[in-house]
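Please open the model in your viewer and keep the selection tool at hand.

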Amino acid sequence: MEIPSKYDPKRVEEHWYAYWSEHKYFSSKPDDREPYTIVIPPPNVTGVLHMGHMLNNTIQDVLIRRARLLGKNACWVPGMDHASIATEAKVVAKLKADGIDKSKLSRDEFLKHAWDWTNEYGGVILQQLKKLGCSCDWDRTKFTMDDDMSASVIKVFVDLYNKGLIYRGYRMVNWDPEAKTTLSDEEVIYEERQGNLYYLSYAIEGSDEKVTIATTRPETILGDTAICINPNDERYRHLRGKKAIVPICDRVIPIIEDEYVDVEFGTGCLKVTPAHDENDKNLGDKHNLEVIDIFNEDASLNSFGLHYEGKDRFEVRKEIVKELQEKGYLVKTEQHTNKVGTSERTKAVIEPRLSDQWFLKMENLAKPALEGVLETKDVKLYPSKFDNTYRHWMENIRDWNISRQLWWGQQIPAYYYGDGKEDFVVAETPEEALKLAQEKTSDLGLRASDLKQDPDVLDTWFSSWLWPISVFGGILEPENDEVNYYYPTSDLVTGPDILFFWVARMIMAGYEYRGKRPFENVYLTGLVRDKQRRKMSKSLGNSPDALQLIDDFGADGVRVGLLLSSAAGNDLLFDEALCQQGANFANKIWNAFRLVRGWETADIAQPEAAVKGIEWYKAKFNQTLVEIEDHFSKYRISDALMAIYKMVWDDFCSWLLEIVKPEYQKPIDRKTYEEVLRLFEENLKLLHPFMPFLTEEVWQHIAERSPEEALIVSQWPKAEKVNTQLISDFDFAAEVISGVRTIRKEKNIPQKDALELFMLNAEGVSSQMDAIIIKLGNLSTMETIDASLDGALTFRVKSNEYFIPISGAIDVEAEIAKITEELNYTKGFLKSVEKKLGNERFVNNAPEQVVAMERKKAADAEAKIETLEKSLASLK
């Protein structure tokens, strides 16, 4: 194949992805190899590729491609989450745009629209992942609403219900008035917001006296059913047993006593609204108070809102404050900061609401999951700093509200046969439900038409917590070959923001339904932020178009750019310059390959420099390989890439290729050429997980390969014993070469002009790298001497001094003048520093690090003066 002069990522990416797909390299079936399994954190079916996905999936692809090279049976299961709230919102919005009101549709009609939307717009992200190079087993793609996945969810619900772990309860829940559904506690984000504290006066029945209460939500006074005072509060003792009158609605309510009231907050008097605050609900239950719900499901006011009926809660807040003021009930207003719960999905302010919901008891499910992570280390979190977060969540776990007031999702398999709250049965199918209902009622005349299924669906997380089991059919067929082979999976890569939502719940489900952990290691990535440390988001407009980045820099460039700045668990400060750095690295490798392939070979003797250079690079390669393996074992993926990056860029391209490069228009010996190509191949193997497209392209250009010899299925290098002496000797030689090159640069001596190099005190210095020093320094001679050499430029490497005679090479008079000027400047600088250090007030009062810095400046200046004086003496 002809090698193009420029690397063209677009052409290469399309070609090799098609080739890999055609030859089924991503496909996995159980066999006798060790399995290595990753299940993708299923992105929302509504999603499109963003920076978080790019980072997360790049890391997964690195791990899966490396496992493939290690000879494991690598299986990466892709899929999507049906995302109840997000998808239903999208479908409702589309219907609205088409002039269709969801409330006018039957459930089946709506679901048809939802499936049409999903089939047309959903799953875009999976196609986009291919652009990034993700080597998922696409034949295994799962969707949380697939028939078998839904059946798994229903089976688990019925099982947990029969175990007494799922129950129905009338509770205060988190209500999202925009999505019109409940949310679990974990789906509520608390934000500090600036608001007001309103002081309102309530008249005491049968007297002229008034009592003042403070509230942040004046609109809820229409649902007040008591005023509560602390029995120990002397100020209000005289109000015991009396009644108050609620402003505007003139409802007469009791004054109750309870130590729950904080005498320090507000006025020490509390209005009690049991329908709209969890603590008030608890007080209401304790004191048998009436419950008055003033809100509709969209948080507009209902008939209990009187003349505000139909208006939004926040609009009512403004209007009711005005009315309270006009009628003399508003005493004063103060600014007040409080935490406001918002919906993770819709961003709407959450409304506490009393509702019949389904709950899952979590305490017993959490115990083995807590032990498996924190005690037995059956599951390991990387970085381990998240252990404490996990512990806090799991030790303070609350029952999980698993029902959602939506239509898109798995419908709860509870069937009502009567009007009572307890008149229901739970079964996997309507047929089983009818049978159970007939048994429960002893009424064999009951018909399927008499049963009504619960309209709610299950929380999306209730399907995705089964993901590592259900994708292999392990719920419906617990002993099938696939789940027994692939489960437990190996690694999970995800963000810390869903450590509880998803990771902890999968661990619970794993122990409950397989008696085993769902995965061994959890690698928690950081959030992708911009250079100003702001979280990337559409609203801020600071998130680049992921696909545009791939177009601009190539998939490999973007992958490298993301990983070079991403340490486990730490936020990634993204800068497009990093992708440019990745693209530059790809070009560097491409040009290095073109350089090597451009050399002509001949059957000539192998030069000593090439022999030693190749020996050194093999040692360096093995040393780096050991380092890389250590990084991978600790999930320091970025560090592993950086180690490879430095080895390829510095050691291979900058050093080895220079060492072996033939003279201008002369051939290279065949043995060196073949060795260099072999080392190039070894580099490509290490780079392949990070830069799959470029590496496969170069690999296929090196030699004609059969599909079985493709890089993607080659073999990861095995580390051999590291020759540390060779590496140490080369490092020393590299410093000598740098010394020679510095003198050439400073004195403008062309590289083509050969120089002589003499060494003083050369004891303990190996001579095995001399051939490399001679070649790269372009030296005509390299000898050891017993005494300093006059009329020569010098440099030092460790305790050894080197001399380069400069006769004819430089203008001696000009050099003497230049060194004298630098010497005088340095002496003056030293004098000013010594003066400062001689000032006792400065030394005693300045910060310790400032004084230390000044002392270092003085020591550096003294060393420089000594070197300059020696150079001057040698020239005179």
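A residue is called buried here when its relative accessible area is under 20%, exposed when it is over 50%, and partly exposed in between, with a 1.4 Å probe and protein chains only. This is a predicted model, in which local features need pLDDT of at least 70 and side-chain atom pairs count only at pLDDT 80 or more, whereas totals for chains, interfaces and linings use all residues. Residues are numbered from 1 along each chain as its sequence is written, and side-chain values use heavy atoms, leaving out hydrogens and water.

Select residues 9-22 to begin, which form helix 1 (helices are DSSP runs of H or I, at least four residues, numbered from the N terminus). Within helix 1, colour Val12, Glu13, Trp16, Tyr17, Tyr19 and Trp20, the buried residues. They lie on the same side of helix 1 because they cover an arc of only 160° around the axis, taken from the directions from the helix axis to the C-beta atoms. Turn to the other side of helix 1, and Glu14 and Glu22 are exposed there.

Next, show what covers the buried residues, which includes helix 2 (51-69), helix 5 (124-132) and helix 22 (692-702).

Move on to Leu360, Tyr390, Phe462 and Trp465, which have the most contacts inside the largest nonpolar core, a set of 205 residues (buried Ala, Val, Leu, Ile, Met, Phe, Trp, Tyr and Cys residues joined through side-chain atoms within 4.5 Å). Helix 20 (residues 637-660) gives the most to this core, with 15 residues. Finally, select Leu200, Ile204, Val211 and Ala244, which are among the 29 residues of a second, separate core.

Definitions and conventions:
Helices (H or I, at least four residues) and strands (E, at least two) are DSSP runs, numbered from the N terminus. The expected span of a helix is 1.5 Å times one less than its number of residues. Contact means heavy atoms within 4.5 Å.
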